[in-house]
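Thanks for coming. I have one model to walk through this morning, so please look at the screen.

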Amino acid sequence: MRVDLDAEEVRLESLPRFQSAAVQARQLYQLGVALALLALLAWALAFFIGLFSSESLWPVLLGNNAAAMLVLAAGAQSAFWVADWRNGALNPHHQRLRPRPTNRCVALSVLTSGSMPEPGVCWLPSARLSCG
């Protein structure tokens with residue numbers, strides 16, 4: 001079902017997926033972080049097992065499980081973006097779980113060149129990107 005935020009016939013407060021968006025966003029964020037940490041732990045364990053026991057099958061198994069956990073974490077991150085958008089649509093002034101940069105171009109330009117760019121333009125050492 002599509003939701004038009006400009007239309008006044010649909011009240012977002014009456015839709016259950018918008019009502020539970022804050023809880024879902026928090027749970028999906030925690031799930032994504034936990035899966036990413038477990039994947040990192042599995043890869044580290046696979047590395048050390050492979051370092052000391054090169055004939056073992058455990059590094060392959062742990063590496064494949066870690067890759068699968070990262071795919072699940074990517075799915076959780078995608079679902080988090082949807083739930084966070086729904087929460088923002090229902091509560092326009094809500095506090096986001098993670099801060100978002102207001103202008104990526106300014107942050108990127110300051111990090112790479114150390115100076116502020118002109119409005120709407122990112123200056124990089126190798127290219128000029130438009131941020132309009």
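Contact here means heavy atoms within 4.5 Å. Helices (H or I, at least four residues) and strands (E, at least two) are DSSP runs, numbered from the N terminus. This is a predicted model, in which local features need pLDDT of at least 70, side-chain atom pairs count only at pLDDT 80 or more, and totals for chains, interfaces and linings use all residues. Residues are numbered from 1 along each chain as its sequence is written, and side-chain values use heavy atoms, with hydrogens and water left out.

On confidence: pLDDT is the predictor's confidence in each residue, from 0 to 100. The protein chain averages 78, and 62% of the residues score at least 70. Residues 106–110 fall below 50, and that stretch has 9 contacts in the model beyond near neighbours in sequence.

Now the layout. The protein chain has 4 helices and 2 strands, in the order α-α-α-α-β-β along the sequence. Of the contacts with a separation of 6 or more, 46% are between residues 24 or more positions apart.

Helix 2 covers residues 21–52, which is 32 residues. The expected span of a helix is 1.5 Å times one less than its number of residues.

Which residues of helix 2 are buried? Buried means under 20% relative accessible area, exposed over 50%, and partly exposed in between, with a 1.4 Å probe and protein chains only. The buried ones are Ala21, Ala25, Gly32, Leu35, Ala39, Ala42 and Ala46. They pack against helix 1 (16–19) and helix 3 (58–90). Over the protein chain, buried residues make up 23% of the 132 residues.

Leu35 lies in helix 2 and counts as buried because its relative accessible area is 13%. Leaving aside neighbours within four places in sequence, Leu35 is in contact with Met69, Leu72 and Ala73. Leu35 and Leu70 are 35 residues apart in sequence, yet 6.7 Å apart in space, C-alpha to C-alpha.

Leu37 is also in helix 2, but Leu37 counts as exposed because its relative accessibility is 54%.

That is helix 2: a set of buried residues packed against helix 1 and helix 3, with Leu37 exposed. I will take questions now.
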